[in-house]
Amino acid sequence: IEVLGDQAFQLGLGELLESSDIKKLVFNCRDTLDTLYDKHGVWLRNFLDIQLLEVMHRQRIAITDEDVSITPIKRVRGLGSCIRSYLVDGTITSSPVEIHSDCEVQVERPVSCRLSRQWRTDTFNLFSLFHALKEGID
């Protein structure tokens with residue numbers, strides 16, 4: 001997006017993100033949603049935030065005739081923490097790499113092999129997390 005700018009959205013990215021027919025998995029997309037809309041006029045549709053799915057997974061709701069008890073969630077987990085918590089069966093392809101929120105690290109081109117490998121690993125693990133967490137939520 002840093003290189004192509006709005007052209008990326010004109011070439012089909014906007015249509016893909018706004019499509020109600022295509023399902024998308026994201027993790028902690030709050031800032032991304034704001035940026036997509038504010039800077040590019042794109043509204044993400046038909047997406048599932050895996051971070052919220054993880055909160056639902058931890059949230060134990062017991063409904064009885066007399067009472068509804070909810071276990072409070074004190075904080076949300078990051079992607080690395082979720083990977084370590086749920087993907088213990090060898091699904092993880094590499095250990096999480098700390099990525100700083102410094103924009104220069106993420107917009108530097110060409111992307112380093114290390115960062116590219118981490119993004120591929122995170123994407124793979126996102127699908128694995130979805131399958132691990134969706135059980136019992138459906």
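In which sense, left-handed or right-handed, does α4 pass α6? In this predicted model, the crossing of α4 past α6 is left-handed.

The chain holds 6 helices and 4 strands. Read from the N terminus, these elements follow the order α-β-α-β-α-β-β-α-α-α. The chain has 138 residues, of which 28% count as buried. When contacts between residues at least 6 apart in sequence are considered, 53% of them join residues at least 24 apart.

Two packed helices are described by the angle between their axes and the distance between the axes. For helix α4 (residues 79–86) and helix α6 (residues 113–134), the axes cross at roughly 55 degrees and come within 10 Å of each other. On the α4 side, the contact is built from Leu79, Cys82, Ile83 and Tyr86. Helix α6 contributes Asp122, Asn125, Leu126, Leu129, Ala132 and Leu133. Sorted by class, this contact of α4 with α6 comprises 8 nonpolar, 1 polar and 1 charged residues.

A second pairing brings together helix α1 (residues 6–18) and helix α2 (residues 30–40), which pack at an angle of about 130 degrees with their axes 13 Å apart. That angle makes α1 oblique to α2. The crossing of α1 and α2 is left-handed. Here Asp6, Phe9 and Leu17 of α1 meet Leu36, Lys39 and His40 of α2. The class make-up of the contact between α1 and α2 is 3 nonpolar, 1 polar and 2 charged residues.

Attention now moves to the charged side chains. Side chains of opposite charge can pair when their charged atoms come close. The count of salt bridges comes to 2. In one of them, the side chains of Arg58 and Glu54 meet at 2.7 Å, N to O. Both Arg58 and Glu54 belong to helix α3 (residues 50–58), where they sit 4 residues apart, about one turn of the helix. Glu54 also forms a salt bridge with Arg77, and the closest N and O atoms of that pair are 3.1 Å apart. Because Arg77 lies in the loop between β4 (68–70) and α4, while Glu54 lies in helix α3, this pair ties together parts that are 23 residues apart in sequence. Taken together, Glu54, Arg58 and Arg77 are linked in a network of salt bridges. Glu54 has a relative accessible area of 0% and is therefore buried, whereas Arg77, with a relative accessible area of 25%, is partly exposed.

Another arginine worth a look is Arg45, found in the loop between α2 and β2 (47–49). Its relative accessibility is 35%, so Arg45 counts as partly exposed. Leaving aside residues up to four places away in sequence, Arg45 touches Leu17, Glu18, Ser19, Ser20, Ile22 and Lys24. One of these, Leu17, also takes part in the contact of α1 with α2. The C-alpha atoms of Arg45 and Lys23 are separated by 8.2 Å, and these two residues are 22 residues apart along the chain.

Methods
Residues numbered from 1 in each chain as written. Predicted model: local features only at pLDDT ≥ 70, side-chain atom pairs only at ≥ 80, totals over all residues. Heavy atoms only, no water. Axes fitted to C-alpha atoms, helices over the stretch in contact; angles between N-to-C directions. Helix = DSSP H or I, 4+ residues; strand = E, 2+ residues; numbered from the N terminus. Parallel < 35°, antiparallel > 145°, perpendicular 65-115°, else oblique. Left-handed = near helix turned anticlockwise from the far one by under 90°. Contact = heavy atoms within 4.5 Å. Nonpolar A, V, L, I, M, F, W, Y, C, P; charged D, E, K, R; others polar. Buried < 20%, exposed > 50% of the residue type's maximum accessible area, 1.4 Å probe, protein only. Salt bridge = Lys/Arg side-chain N within 4 Å of Asp/Glu carboxyl O.
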